[in-house]
Amino acid sequence: MAENTPESAAAPQEAAAPQDPQAAKNAQLLALLHRLFGADAFTDVEEPYGLLTVTTTRERIHDIMAGLQQDQELQLNFLTTMCGIHYPENEGKELGMIYHVHSLVNNLRLRLKIFFPIADPVVPTLTDLYATANWMEREAYDFYGIIFTGHPNLIRILNVEDMDYHPMRKEYALEDGTREDKTDLFFGR
């Protein structure tokens with residue numbers, strides 16, 4: 001009869017737990033990113049929901065995105081999402097951009113983030129790399145006031161041209177405090 005000790009019981013459980021294939025894929029991708037661009041190019045490496053997410057700087061974002069697009073091994077040549085973000089509590093890094101790139105051939109996904117001060121909302125354009133960046137950059141300009149240097153037509157895309165503010169910044173109340181036709185009783189407050 002075998003003895004049932006904590007050590008003997010834990011060993012089979014550890015051996016039985018297979019390694020997460022997405023985590024292994026992300027580790028390979030991160031190692032390749034470090035080889036291509038250097039380990040100092042990326043900070044705040046995370047894997048929320050299995051999606052490799054790295055933070056870099058706006059000074060390096062264009063070169064990194066160009067390298068990702070042109071690398072024959074990665075083939076991250078599909079820009080699926082580009083959007084602005086606003087965190088007013090992060091002093092000196094209030095605004096940011098998030099980029100999602102995808103390799104349809106290798107089924108790889110990568111999220112890159114950059115942050116910069118709201119007083120200097122200037123980022124290089126990616127329209128020379130991705131045609132889809134055109135409208136996404138116009139949307140980030142329209143809603144967050146992020147200026148993309150080199151963009152061929154940086155004008156508002158959804159709001160009226162004479163609007164003098166950027167509505168997605170967290171500077172505005174979510175509700176109209178002067179409304180009298182709403183009864184809080186109906187809204188659970």
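Visitor: Where is the place of Gln-75?

Guide: Gln-75 sits in the loop between H3 and S3. Helices (H or I, at least four residues) and strands (E, at least two) are DSSP runs, numbered from the N terminus. This is a predicted model, in which local features need pLDDT of at least 70, side-chain atom pairs count only at pLDDT 80 or more, and totals for chains, interfaces and linings use all residues. Residues are numbered from 1 along each chain as its sequence is written, and side-chain values use heavy atoms, with hydrogens and water left out.

Visitor: Why is Gln-75 called partly exposed?

Guide: Buried means under 20% relative accessible area, exposed means over 50%, and partly exposed is in between (1.4 Å probe, protein chains only). Gln-75 has 23% relative accessibility, so it counts as partly exposed. Its phi is positive, about 55 degrees, although Gln-75 is not a glycine.

Visitor: What makes Asp-44 exposed?

Guide: Its relative accessible area is 52%, so Asp-44 falls in the exposed class. Asp-44 belongs to strand S1. Its phi is also positive, near 45 degrees, in a residue other than glycine.

Visitor: Why is the contact between Asp-40 and Arg-60 called a salt bridge?

Guide: The rule asks for a side-chain nitrogen of Lys or Arg within 4 Å of a carboxyl oxygen of Asp or Glu. In this pair the closest N and O atoms are 4.0 Å apart, and Asp-40 forms a salt bridge with Arg-60. Asp-40 lies in the loop between helix H2 (21-37) and strand S1 (43-46) and Arg-60 in helix H3 (residues 58-70), so the pair ties together parts that are 20 residues apart in sequence. Asp-40 is exposed at 66% relative accessibility. Arg-60 is partly exposed at 30%.

Visitor: How many salt bridges does the structure hold?

Guide: There are six. One of them joins Arg-58 and Asp-120, with the closest N and O atoms 2.7 Å apart. Arg-58 lies in helix H3 and Asp-120 in the loop between strand S5 (108-116) and strand S6 (122-124), so this pair ties together parts that are 62 residues apart in sequence. Arg-58 has a relative accessible area of 14%, so it is buried. Asp-120, at 34%, is partly exposed.

Visitor: Which residues are linked by the salt bridge with an N to O distance of 2.6 Å?

Guide: Arg-156 and Asp-142 meet there. Arg-156 is in the segment after strand S7 (147-149), and Asp-142 is in helix H4 (residues 133-144), 14 residues away. Both Arg-156 and Asp-142 are buried. Elsewhere, salt bridges with shared partners join Arg-58, Glu-59 and Asp-120 into one network.

Visitor: Why do S1 and S3 stand at the edges?

Guide: Two strands pair if DSSP finds at least two bridges between them. Five strands form an open sheet with mixed pairing, in the order S1-S2-S5-S4-S3. S1 and S3 each have a single partner strand, so one side of each is left without a neighbour in the sheet.

Visitor: What makes strand S2 (residues 53-55) a partner of S5?

Guide: Three bridges join S2 to S5, and the two run parallel. The rule asks for at least two. Val-54 has Leu-112 in S5 as its bridge partner.

Visitor: Which residues have the most contacts inside the largest nonpolar core?

Guide: Met-65, Leu-68, Tyr-99, Leu-110 and Leu-112 do, in a core of 38 residues. A nonpolar core is a set of buried Ala, Val, Leu, Ile, Met, Phe, Trp, Tyr and Cys residues joined through side-chain atoms within 4.5 Å. H2, H3, S3, S4, S5 and H4 each supply at least two residues of this core. Leaving aside neighbours within four places in sequence, Leu-112 is in contact (heavy atoms within 4.5 Å) with residues including Phe-42, Val-54, Met-65 and Tyr-99.
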